Amino acid sequence: MKIGILGGSFDPIHSGHIALAQQAMIQLSLDEVWFLPSSKTPLKDRDLTEDIHRKNMILISIKKYPNFKLNTLEMDRKGMSYTIDTVRHLRKQYPEDDFYWMIGNDQLKQFHLWKDAQEICELVSMVCFNRDYKIHKTEFNVQCLQMKDVLVSSSEIRKGNKLNYLEEGVLDYIYQHRLYVENFVQSRVKPKRFAHSVSVARLCEELALCHHLDVQKAYYIGLFHDIAKSMTKSEMEPWMDILCPENKFYAPAVWHGFVGSEIVDRIFEIHDEQIKNAIYHHVLGTSNDPYAMMIFCADKLDPLRNYDTSYGIELCKQDLKKGFEYELMENKKYLEEN
Ligand SMILES: [Fe+2]
Ligand SMILES: [Fe+2]
């Protein structure tokens with residue numbers, strides 16, 4: 001068999017990786033492409049997501065491609081791994097097969113620094129995918145192929161951008177296991193707002209536990225409730241004009257609830273009516289849905305606020321409705337005074 005090897009951290013895997021594998025299949029007439037995720041090592045600058053999650057996201061992504069396989073050789077070996085070790089292992093384990101080791105041109109520039117680079121070239125066919133239409137010279141025997149670039153990177157996904165470049169089922173997995181989700185918020189709001197969002201999410205979880213609500217749903221409402229809070233009036237205006245012009249008479253300070261509920265749905269692809277509703281009403285406390293009452297209270301009772309919130313928290317834990325009415329009154333008093 002002719003087997004292409006696509007290594008990487010796949011944190012997470014996205015459609016760009018799949019497109020690369022598909023183009024390799026065609027251009028090199030491969031029988032299979034193996035995705036070879038690197039192991040989480042303490043030496044990397046950025047801590048990689050747990051092996052199990054990166055592995056599962058690959059499995060979900062390649063499910064519908066019968067010629068794509070997962071190979072966990074590097075993950076299973078753990079610790080520091082050199083490509084030459086993997087290559088030797090593959091050659092020994094599959095002596096009948098031909099391997100095509102795929103790298104990008106950024107890696108080609110440094111290839112001479114790889115351990116035993118010459119031996120790697122003798123054991124497998126090195127293939128470089130060119131994305132920038134420049135010729136990169138190398139002293140090694142490396143076949144260069146041209147490929148169309150898919151404009152997405154794992155680091156963009158980790159910040160919550162271009163989530164539509166994930167294969168079907170991966171985003172659900174990400175939300176289910178809370179991977180990257182705090183980064184999604186951190187990259188969109190100011191640091192103080194981010195700390196508040198995480199703190200409110202924790203409090204929402206506590207309240208949900210007390211009242212037999214869905215803890216995961218409560219966490220996401222808390223985490224995302226202020227997602228639009230750092231947007232300027234002019235950034236929010238197009239959202240208001242198109243999606244809720246009937247609410248434009250409210251002061252712009254209130255808009256972030258309306259806009260946030262749409263952002264969660266349209267950008268973060270969380271299509272849950274109770275989550276949307278709770279975020280929509282969190283500023284004014286205008287909904288009696290339990291999740292809406294919960295976030296209205298948790299927002300005001302965030303332990304990071306510079307006043308003692310313990311009485312309100314206890315009241316909400318005992319009786320959410322009573323706590324909500326109390327917080328509504330407190331909020332009304334505060335607004336009148338200020
Ligand atoms: Fe808010
Ligand atoms: Fe808030």
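Contact here means heavy atoms within 4.5 Å. The model shown in these views is predicted.

View 1. Helix α13 spans residues 252-266 and includes D265. Buried means under 20% relative accessible area. D265 has 15% relative accessibility, so this residue counts as buried. Setting aside neighbours within four places in sequence, D265 makes contact with I270, H271 and K276.

**View 2. The iron ion (ligand 1) and its donors.** Three residues coordinate this ion: D226 through OD, H256 through NE2 and H282 through NE2. The distances run from 2.1 to 2.2 Å. Along the chain, the donors of the iron ion (ligand 1) are spaced as D-x29-H-x25-H. D226 and H282 link distant parts of the chain, 56 residues apart. D226 sits in the loop between α11 (215-224) and α12 (233-243). H282 sits in the loop between α14 (273-280) and α15 (290-300). Both D226 and H282 are buried.

View 3. The iron ion (ligand 1) lies 3.5 Å from the iron ion (ligand 2). D226 coordinates both.

**View 4. The largest nonpolar core.** This core holds 83 residues. F35, I174, Y175 and F224 touch the most other members. Domain 1 (2-171) and domain 2 (189-337) each supply at least three residues to this core.

**View 5. I174 and its contacts.** Not counting residues up to four places away in sequence, I174 touches M57, L166, L179, Y180, V181, F184 and Y220. Another core, of 21 residues, lies apart from the largest one. Its members include W34, W101, M126 and F140.

Technical notes: Residues are numbered from 1 along each chain as its sequence is written. Chains are lettered from A and ligands numbered from 1 in the order in which they are written. This is a predicted model: local features need pLDDT of at least 70, side-chain atom pairs count only at pLDDT 80 or more; totals for chains, interfaces and linings use all residues. Side-chain values use heavy atoms; hydrogens and water are left out. Donors are N, O and S atoms within 2.8 Å of the metal (3.2 Å for Na, K and Ca); water is not among the atoms, so sites may look incomplete. Helices (H or I, at least four residues) and strands (E, at least two) are DSSP runs, numbered from the N terminus. Buried means under 20% relative accessible area, exposed over 50%, partly exposed in between (1.4 Å probe, protein chains only). A nonpolar core is a set of buried Ala, Val, Leu, Ile, Met, Phe, Trp, Tyr and Cys residues joined through side-chain atoms within 4.5 Å. Domain bounds come from an automatic or database domain assignment.
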